[in-house]
Amino acid sequence: MKRGIQICFAAALAALLLFGCTGRMPSAAPAGSGASSRAGGSAARADAGAVVEQLRERYGLDEERLSAFEVLRAETAPPSEWDEWLRLEEYLAEDGLTWRDWLEVDDARQLFVAELRVKYTPETAICGPQYKDGIWTVLTPMEPADGELLVKESMVAAIGEDPAPTDPDAAALGLTDDQWAMVNHQLTALVGCGVWRDYDSPGQWTQEQFTLWLALRAKDWPGMEDTLSESDVLRMTQADFSPENAAWSGTDIRLQQSGLFTDGRLQLPDMPQAAASMETCAVEYRREAAQLPVVDEYAAVTEPEELVATVTIGADTPVRMEYRFGLIPEGTGPAARPWLKQARLLDG
């Protein structure tokens, strides 16, 4: 997945993750007992536990933009490891010392290292700008103060490729993780808005169905929970219903002529009630050769196969819907994604 990233953005997020959330942590060693503080495994483990919990809290606050946030390592690093990070030779502005010099002035000071698996949702990629996916190494120097360890500063020392394998369900269908995440988000909103009939565009929905779809779909889009501008609506509908992958400001002409858009900003319901939940539905997926044509302009950026999802809704009098998705492959635009070509009522 391609990302537009500035390292200052990464540093800003690191500060939020560690400095803003962690603050102070209990230390088993008082100030002045530097040798035992650095060597003592129990103190390092206790500090790691506190940081891990607060990182998880931060993930909870940020879940609208993240599909994965996992702590791989969180511990005090001994001086023997410091040579691994060249960025310790950078200067701390207020002290006139490098990070390493600052650590070496007082044996009680410690270097905390956190390795984080960061994965953003494809919707976040479309909205941009983004931080970078991958394995983040965050360095945090700490110093004792009043029996606690105080976080002085933090930095992202490295962002590496994520070796984590593709989701097994996605791999079985030949999908990327982004495509898999997005199709699950899309189906949740499509089933939830209760349009259980044939259609090729949301321009064929009622205003109530379209507004409910927007409210349900907005849950997976960053910053779109309460009120949507027309450009927000266009971006969301273009991503879900069109192969266009450029300006993110237009979509199917049938939708634009449908009268579903309103001037100004669209207020979403506070507590949208889905017509059905995917948790109670049965879904069968398959890949097959594309049956529905794509406009020649976009043929080169779409895969020659479609993803077909057959969803059984309800139990007593079940409704069966077939959703046929085109696929935008990896490396085209900000995110690999599916887009809905056609929905058909099979039974119900």
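Mentor: Let's go with helix H7, where 13 of the 16 residues are buried, so the rest of the structure largely encloses this helix. Buried here means under 20% relative accessible area, exposed means over 50%, and partly exposed is in between, using a 1.4 Å probe and protein chains only. Bear in mind that this is a predicted model: local features need pLDDT of at least 70, side-chain atom pairs count only at pLDDT 80 or more, and totals for chains, interfaces and linings use all residues. Numbering starts from 1 along each chain as its sequence is written, and side-chain values use heavy atoms, with hydrogens and water left out.

H7 covers residues 177–192. Helices (H or I, at least four residues) and strands (E, at least two) are DSSP runs, numbered from the N terminus. From first C-alpha to last, H7 reaches 23 Å, close to the 22 Å expected at 1.5 Å a residue; the expected span is 1.5 Å times one less than the number of residues. After the helix comes Gly194, with a positive phi near 80°.

So what does H7 pack against? Take H8 (residues 207–217) to begin with. The axes of H7 and H8 come within 8 Å and cross at roughly 145°. Those axes are lines fitted to C-alpha atoms, for helices over the stretch in contact, and the angles run from 0 to 180 degrees between N-to-C directions. The H7/H8 crossing is right-handed; a crossing gets that label if the near helix is turned clockwise from the far one by less than a right angle, and is left-handed if anticlockwise. On the H7 side, Met182, His185, Gln186, Ala189, Leu190 and Gly192 meet Leu212, Trp213, Leu216 and Arg217 of H8, where contact means heavy atoms within 4.5 Å. H8 is mostly covered too, with nine of its eleven residues buried, including Phe210, Leu212, Trp213, Leu216 and Arg217.

At 1% relative accessibility, Ser201 counts as buried.

Now bring in H9, another neighbor of H7. The axes of H7 and H9 come within 11 Å and cross at roughly 110°, which makes H7 roughly perpendicular to H9. The cut-offs are under 35 degrees for roughly parallel, over 145 for roughly antiparallel, 65 to 115 for roughly perpendicular, and oblique for the rest. Met182, Gln186 and Leu190 of H7 make this contact with Ala239, Asp240 and Phe241 of H9. The H7/H9 crossing is left-handed.

H9 spans residues 230–241, and its end C-alpha atoms are 16 Å apart, in agreement with the 16 Å that twelve residues should span at 1.5 Å each. Ten of those twelve are buried, so H9 is largely enclosed by the rest of the structure. Among the buried ones are Val233, Met236, Thr237, Ala239, Asp240 and Phe241.

H8 and H9 also touch each other. They pack at about 85° with their axes 11 Å apart, which makes H8 roughly perpendicular to H9. Phe210, Trp213, Leu214 and Arg217 of H8 make that contact with Val233, Met236, Thr237, Asp240 and Phe241 of H9.

Zooming out for a second, the chain has eleven helices and 14 strands. Buried residues make up 50% of its 348 residues. Of the contacts between residues at least 6 apart in sequence, 66% join residues at least 24 apart.
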